[in-house]
Amino acid sequence: NRQMLLDNRPQGEASASNFKLVETDTPALQEGQVLVRHHYLSLDPYMRGRMNESKSYAASQALGEVMIGGTVGEVVESRHPDYAVGNHVVGMGGWQEYSVVNANEPGMMRKVDTSRVPLSAYLGAVGMPGVTAYYGLVHIIDPKPGQTVTVTAASGAVGSAYAALAKARGCRVVGIAGGPDKCRYAEQELGFDACLDYRAYNSDVYALAKALKEVCPDGIDGHFENVGGWIMDAIMLRANAFSRIALCGMIAGYDGQPIPMANPALMLINRMRVEGFIVSEHMQVWPAALKELGELVATGKLRARESIAQGLESAPDAFLGMLKGQNFGKQLVKLI
Ligand code: NDP
């Protein structure tokens, strides 16, 4: 079993030298345990925060241990009556090729049906990122049909699910993403009514705000923030009175970069509701969210793209690339 460990903590920007690849034997199973062979590993921005020692909403990743991460795979050995060899499962197996799961512990693993939804989608649109989009849109932004809602990192795992969910609620949905290819894909494949390439505006808040005015002629009623910094400032300038911001991520600052806010007074002037959230603290919404997202994927209404790196050894570079926008859609690592 090959495993990727966190070897040392980043000083500023994370690098491949923070990780270490090792090989171990899988232990013999005890009663109630299941051995899972991972097909895909999910790479997610939250992992960057776990690499730091600083205080956050979640505990740091321990040094010398397998990196935390979501996985999908198949049961290859079972000593639990509910799991049979060949069952497809999703869990938190970590950056490794196999994991031994205590199947009696609640929330460790669940079986998934791959007849209508591909296995890998359970790490993206029909998994944690999809539910994240759902929670922010449905429970924080709570849009009315006809309202305009926006999202940053629009072509990514969360952004792509957000578009499908917002269209299903009759919204005008506008994205912001990096580069013309991602924007074209967002408009042509994901159902965005418009997508702006922030790179074309060279960190000029007012130029981006002006472009937003053209694609959001009625202003912005709800915004889903994934990035932070000057792009969020531009959104704030177009936000309507009583608009809502679901504050999901601020990836522009994950390596420790400052992300100052130019006009915080707009929150007051516009009587805005700005609410941060962590999707794993809202387990009660997961069943309804996964049901809707599964249906959207199964019926072809949500066709989320994936970036697939090959082999565990490629995980560090794929992860670091994703933090810089080199992924195109949900970033995965194929392990077999
Ligand atoms: P994505 O698939 O969207 O990948 C990350 C994307 O972030 C990159 O592709 C890039 O897109 C964009 N990005 C990176 N750096 C910058 C930058 N400096 N400026 C602008 N854009 C940047 O990842 P996910 O969909 O998995 O996650 C999206 C966000 O949601 C993240 O911030 C993540 O932390 C957050 N999240 C929060 C959760 C919660 O519970 N609160 C749960 C899950 C995710 P581009 O090329 O378009 O710039």
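Figure 1. Buried means 20 or more other C-beta atoms within 10 Å of a residue's own, exposed means 12 or fewer, and partly exposed is in between, with C-beta atoms placed from the backbone. Keep in mind that this is a predicted model, where local features need pLDDT of at least 70 and side-chain atom pairs count only at pLDDT 80 or more, while totals for chains, interfaces and linings use all residues. Residues are numbered from 1 along each chain as its sequence is written.

**Figure 2. Helix α3, end to end.** α3 (157-168) has 12 residues and runs 18 Å from its first C-alpha to its last, close to the 16 Å expected at 1.5 Å a residue. That expected span is 1.5 Å times one less than the number of residues in the helix. Helices (H or I, at least four residues) and strands (E, at least two) are DSSP runs, numbered from the N terminus. Most of α3 is covered, with 10 of its 12 residues buried; among them are Val158, Ser160, Tyr162 and Leu165. What do the buried residues of α3 pack against? Their partners are α2, β8 (148-152), β9 (172-177), β11 (220-225), α8 (286-298) and β15 (330-334). After the helix comes glycine 170, with a positive phi near 75 degrees.

Figure 3. Setting aside neighbours within four places in sequence, tyrosine 162 is in contact with Ala133, Leu137, Val151 and Phe224. Contact here means that the C-beta atoms of two residues, placed from the backbone, lie within 7 Å. Alanine 163 also sits in helix α3, and it counts as buried because 29 other C-beta atoms lie within 10 Å. Aspartate 193 is 30 residues from alanine 163 along the chain, and their C-alpha atoms are separated by 9.2 Å.

**Figure 4. The shell around the ligand.** Which residues come closest to the ligand? Of the 28 residues surrounding the ligand, the closest are Gly156, Val158, Gly178, Gly249 and Gly325. By type, the shell divides into 16 nonpolar, nine polar and three charged residues. Here Ala, Val, Leu, Ile, Met, Phe, Trp, Tyr, Cys and Pro count as nonpolar, Asp, Glu, Lys and Arg as charged, and the others, Gly among them, as polar. α2 (128-141) and α3 each supply at least two residues of the shell, and α3 gives the most, with three. Both domain 1 and domain 2 give residues to the shell around the ligand, so it lies between them.

Figure 5. The chain is divided into domain 1 (2-124 + 305-334) and domain 2 (128-280), with bounds from an automatic or database domain assignment. Taken over C-alpha atoms, the domain centres are 28 Å apart. The contact takes 15 residues from domain 1 and 16 residues from domain 2. On the domain 1 side, the residues that make up this contact divide into five nonpolar, six polar and four charged.

**Figure 6. Lysine 330, a charged residue under cover.** Lysine 330 counts as charged and belongs to strand β15. Is lysine 330 buried or exposed? Lysine 330 is buried, because 28 other C-beta atoms lie within 10 Å. Not counting residues up to four places away in sequence, lysine 330 touches Leu123, Gly124, Pro129, Ala157, Ala304, Glu306 and Ser307. Glutamate 306 is 24 residues away along the chain, yet the two C-alpha atoms are separated by 4.6 Å.

Figure 7. Most residues other than glycine have a negative phi. Asparagine 202 is not a glycine, but its phi is positive, about 45 degrees. Asparagine 202 lies in the loop between β10 (194-197) and α5 (205-215), and it counts as exposed because it has 9 C-beta neighbours inside 10 Å. Serine 203 is in the loop between β10 and α5 and has a positive phi near 60 degrees. With 13 other C-beta atoms within 10 Å, serine 203 is partly exposed.

Conventions. Near = placed C-beta within 6 Å.
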